[in-house]
Amino acid sequence: MSKLTEHYRLLLGLDAPWEVSEVSLSLEEKCVEIQLVHRGGAVTCPECEAACGIADHGPERTWRHLDTMQFETVLRARTPRTKCKTCGVKTTTVPWAGKQSRFTLMFEAFAIEGLQACGNVKNAATLLTDEQKGQARKLISPNRAREEASEQAPHPIESLPHGRGSAAHTLAAHSFCVLLQRV
Ligand SMILES: [Zn+2]
């Protein structure tokens, strides 16, 4: 493990069996990509929580993370799938993000703090550059944007339940990005 990958592992707070296998920097695209790899061993079934072996790994996924300096930062990984005797093959959860979220827990926490400090999404969005708004828009599909915008706007920030990784937390982060489209 190089000093750089170990440095990023510590920054992300990851423990074995997850490791940072590669960090690539694109000066042109102002982007840092962090490749994560699961080194094997027992995994936990997301349905019944039994310890089981690994069946295989799902397709590569990406998660938007907090920026490294002014560089957009993305995590990449293939998530192991369990071989559970009771439930069959299931995709495991990852320690850095909620189930099915495309944002890391740290990114979501940042979005929530921004919203809380600003009082509402429109005020929070004024803190972002046009480039950052563009990046936020890329994170959501047009269909999902329409669905969430109609259900969530305007979202009273006081009503958001707390708890990192909760469905409400993830929804709030998504809503933040969705509503940026209206600014
Ligand atoms: Zn199971």
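Is proline 46 buried, partly exposed or exposed, and how many other C-beta atoms lie within 10 Å? Proline 46 is partly exposed, because 15 other C-beta atoms lie within 10 Å, and a residue counts as buried with 20 or more such neighbours, as exposed with 12 or fewer, and as partly exposed in between, the C-beta atoms being placed from the backbone.

This is a predicted model, in which local features need pLDDT of at least 70 and side-chain atom pairs count only at pLDDT 80 or more, while totals for chains, interfaces and linings use all residues. Residues are numbered from 1 along each chain as its sequence is written.

Proline 46 sits in the loop between β3 (43-44) and β4 (51-68), where strands (E, at least two residues) and helices (H or I, at least four) are DSSP runs numbered from the N terminus. Leaving aside residues up to four places away in sequence, proline 46 touches Lys90, Thr92 and Thr93, a contact being two C-beta atoms, placed from the backbone, within 7 Å. Cysteine 84 lies 38 residues from proline 46 in sequence, and their C-alpha atoms are 9.5 Å apart.

The protein chain has six helices and six strands, and 25% of its 183 residues count as buried. Its pLDDT, the predictor's confidence in each residue from 0 to 100, averages 77, with 63% of the residues scoring at least 70.

| Stretch | pLDDT | Contacts in the model |
|---|---|---|
| Residues 140-145 | below 50 | six contacts beyond near neighbours in sequence |
| Residues 151-164 | under 50 | 19 contacts beyond four places in sequence |
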